[in-house]
Amino acid sequence: MASTTTAGKPAANTLPKKRRNSFLKGEEMTAWWFVLPSFALLLIFVFYPMLQAFIISFQNYNLVGGTRSFVGLDNYRTLMTDQSFLASLRHSFYFAVIVIPIQTSISLGMALLIQKKVATTGLFRTIYFIPVVVSTAVAATVFKLIYNKEYGLLNNFLELVHLPTTNFLSNPDTAMNGVIMLGMWKAVGFFMIIFLAGLNNIPQDLYEASKVDGASKIQQFFRITLPLLNRTTAFVVIITTIDAIKISGLVFVLTNGGPNGATETAVFYIYQMAFKQMQMGYGTAAAFILFAIVLVISLVQMRLFRNQDY
């Protein structure tokens, strides 16, 4: 047998295998040492606080006095009938339902426009992406001036075309739409880049072959581009959904939840309860309800897009 030698010595061909196993174990240990610091940070600053927050959600915890008392599911039961919380969820979902299809379509359209390499492509890519890097506070302040009834650019334009003017942020019927326009302006450039990366990964041979077969541009879009962008679209839709439902920064600067609570979103409501009214237990319970809702929606979206791959 090739695996045995005389005098009871181990076979020569087993030594490299032992050395290989030892080398692999050494590599695994090195990899774990690289992963350990990141895992420790996640454990300390993410998982442990989440566990503590989950425990606090079952308590009547007031930040002012620091008093705690276990109340079980009372916070969750109260939230189910809290009209302010339910209204904030409706506002968040209204924002998401409007933003997801419109923002995704605009992002894809912009990506298609700047995909072709022409002399001005780099310029337009930069212009479209600038809103992404603009600070939320700065963007909200600028849009607050644009929406102003007395000297805002938007009302000046409406006067120019002889349409009635209004104070967008003071009218409960239009305030959320003002936030939506700012949110899309701020985020559309980022998702444009994501779609552009997906478009660049589609083989050009497919378009050339379809062109030979007589396919029009519209047919190429619906038969080649959209199906092959399925995974990119899934990523964009899921991230947009999460961002839309947890919108708060723009609301905080632009309207502060007003007028009359018309733009109070779920995350803004949680902030108000936890850090303004100091009801940390109640606010944390609301946060976990929102987390569960977002998780379920994301899982459903992932399942739907995964089914389209087959």
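Modeller: To sort the residues of a lining by class, we count Ala, Val, Leu, Ile, Met, Phe, Trp, Tyr, Cys and Pro as nonpolar, Asp, Glu, Lys and Arg as charged, and the others, Gly among them, as polar. Please keep in mind that this is a predicted model. With those classes, the lining of the largest pocket divides into five nonpolar, five polar and four charged residues. The volume of this pocket is about 430 Å³, and of the 14 residues that line it, Lys116, Gln204, Tyr207, Lys217 and Gln220 are the closest to its centre. Three helices, α3 (83-115), α8 and α9, each supply at least two residues of the lining.

Helix α8 covers residues 204-212 and helix α9 covers residues 217-228, and they pack at an angle of about 160° with their axes 11 Å apart. Since angles over 145 degrees count as roughly antiparallel, α8 is roughly antiparallel to α9. Their crossing is right-handed. On the α8 side the contact is made by Leu206, Tyr207, Ser210 and Lys211, which meet Gln220, Ile224, Thr225 and Leu228 of α9; by class, these residues are four nonpolar, three polar and one charged.

Next comes helix α10 (residues 230-245), whose axis comes within 10 Å of that of helix α13 (residues 280-308), the two crossing at roughly 165°. This angle makes α10 roughly antiparallel to α13, and the crossing is right-handed. From α10, the residues in contact include Val237, Ile238 and Ile242, while those from α13 include Val294, Ile297 and Phe305. The residues of this contact divide into 10 nonpolar, six polar and no charged.

Helix α13 has a further partner in helix α2 (residues 74-81), and here the axes come within 9 Å and cross at roughly 70°. The helices α2 and α13 are therefore roughly perpendicular to each other, and α2 passes α13 in a right-handed crossing. Asn75, Tyr76, Thr78, Leu79 and Met80 in α2 meet residues of α13 that include Tyr282, Phe288 and Ile289.

Most residues other than glycine have a negative phi, and most peptide bonds are trans. Asn256, in the loop between α11 and α12, has a positive phi, near 55°. Pro259 has its place in the loop between α11 (249-254) and α12 (266-276), and a cis peptide bond with an omega of about -5° joins Gly258 to Pro259.

Technical notes
Residues are numbered from 1 along each chain as its sequence is written. This is a predicted model: local features need pLDDT of at least 70, side-chain atom pairs count only at pLDDT 80 or more; totals for chains, interfaces and linings use all residues. Side-chain values use heavy atoms; hydrogens and water are left out. Axes are lines fitted to C-alpha atoms, for helices over the stretch in contact, and angles run from 0 to 180 degrees between N-to-C directions. Helices (H or I, at least four residues) and strands (E, at least two) are DSSP runs, numbered from the N terminus. Angles under 35 degrees count as roughly parallel, over 145 as roughly antiparallel, 65 to 115 as roughly perpendicular and the rest as oblique. A crossing is left-handed if the near helix is turned anticlockwise from the far one by less than a right angle, and right-handed if clockwise. Contact means heavy atoms within 4.5 Å. On a 1 Å grid over the protein atoms alone, a cavity is a set of points where a 1.4 Å probe fits but cannot get out, and a pocket is an open set with protein on both sides within 12 Å along at least five of seven lines; lining residues have an atom within 4 Å of a point. Grid points are joined across faces, edges and corners, and a volume is the space filled by probe spheres set on the points.
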